[in-house]
Amino acid sequence: METLVVDHPLVAHKLTTLRDVRTDSPTFRRLADELVTLLAYEATRDVRVTDVTVDTPLAPASGVRLARPAPLVVPILRAGLGMLDGMTRLLPTAEVGFLGMIRDESTLQAQTYATRLPEDLSGRQCYVLDPMLATGGTLAAAVNFLFDRGARDVTAICLLAAPEGVAYLDEAFRGGDRPIRVVTAALDERLNENGYIVPGLGDAGDRLYGVV
């Protein structure tokens, strides 16, 4: 598994404001959207393309287009929805599927409650959107779900990651034959006793949409 922490001043600037407890939900949503687009630029560096030739007003030119089948973007409900527009802004031809997953706060294990994905993902590059890589259980379950349907490789885009979550994913998929990448704005210090990232930014879903 490869982990990429995106080192860029704009990424750090937007993340700092997201962390601030004084940042209200509308501002949080806007900044999360912008930050995801920056992370997506790095996350799609290995997106598959095919060579093409086009005619300019002056002469033919060699170039590339995204290969088929199209990439699949998979936000994990509900917090991942706040990342979807930022991702599809950069990758507008991607298809979108949905995974509804929730973490049991007593066991910290992920449970799936809704899916809207193609049954056959053979050959597909998948991009999972999940704001917080904390314990790693939810993201590992999502990756396994996609691999079970035949996904070729999976890249997870996270606003923040904890060392424990990265280690969990690395252990869970060590020796596998399909690539996994995690692209994040920061690798934080640790998890607390409740499984939250410290210093983190709080509950991403609540800060995006309010407490429900």
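Leaving aside its neighbours within four places in sequence, with which residues is Leu39 in contact?

**View 1. Surroundings of Leu39 in the predicted model.** Once the neighbours within four places in sequence are set aside, the contacts of Leu39 are Val6 and Val11, then Ile157, Cys158 and Leu159, and finally Val183, Thr184 and Ala185.

**View 2. The largest nonpolar core and its contributors.** This core has 36 residues, and those that touch the most other members are Leu18, Leu35, Leu39, Met87, Ile157, Leu159 and Leu201. Two or more residues each come from helix 1 (9–19), helix 2 (25–43), helix 3 (84–90), strand 8 (125–129) and helix 6 (204–209), and helix 2 gives the most, with eight residues. Another core lies apart from this one; it has 26 residues, including Leu121, Leu146, Phe147 and Ile180. In soluble globular proteins, nonpolar side chains tend to be buried together.

**View 3. Ala162 in the loop between strand 11 and helix 5.** Strand 11 covers residues 160–161 and helix 5 covers residues 163–172, with Ala162 found in the loop between them. Ala162 counts as buried because its relative accessible area is 0%, where the cut-off for buried is under 20%. Apart from neighbours within four places in sequence, Ala162 is in contact with Leu133 and Ala134, and also with Leu187, Arg190, Leu191 and Ile197. Pro199 is 37 residues from Ala162 along the chain, and the C-alpha atoms of these two residues are separated by 9.8 Å.

**View 4. A nonpolar patch on the surface, formed by Val49, Val64 and Leu66.** Together these three residues have about 220 Å² of accessible area. Val49 belongs to strand 2, which covers residues 49–55, and counts as partly exposed because its relative accessibility is 42%, a value between the 20% and 50% cut-offs.

View 5. Along its principal axes, the C-alpha trace spans about 60 × 35 × 30 Å. Of the 212 residues, 46% count as buried, while the accessible surface comes to about 10,700 Å², with 52% of that surface belonging to carbon and sulfur atoms. Among contacts with a separation of 6 or more, 73% are accounted for by residues 24 or more positions apart.

Conventions:
Residues are numbered from 1 along each chain as its sequence is written. This is a predicted model: local features need pLDDT of at least 70, side-chain atom pairs count only at pLDDT 80 or more; totals for chains, interfaces and linings use all residues. Side-chain values use heavy atoms; hydrogens and water are left out. Patches are made of residues with over 30% relative accessible area and no salt bridge: like charges are joined within 9 Å, nonpolar side chains (Val, Leu, Ile, Met, Phe, Trp, Tyr) within 5 Å. Accessible areas come from the Shrake-Rupley method with a 1.4 Å probe; for residues, only the protein chains shown count as cover. A salt bridge is a side-chain nitrogen of Lys or Arg within 4 Å of a carboxyl oxygen of Asp or Glu. Helices (H or I, at least four residues) and strands (E, at least two) are DSSP runs, numbered from the N terminus. Buried means under 20% relative accessible area, exposed over 50%, partly exposed in between (1.4 Å probe, protein chains only). Contact means heavy atoms within 4.5 Å. A nonpolar core is a set of buried Ala, Val, Leu, Ile, Met, Phe, Trp, Tyr and Cys residues joined through side-chain atoms within 4.5 Å.
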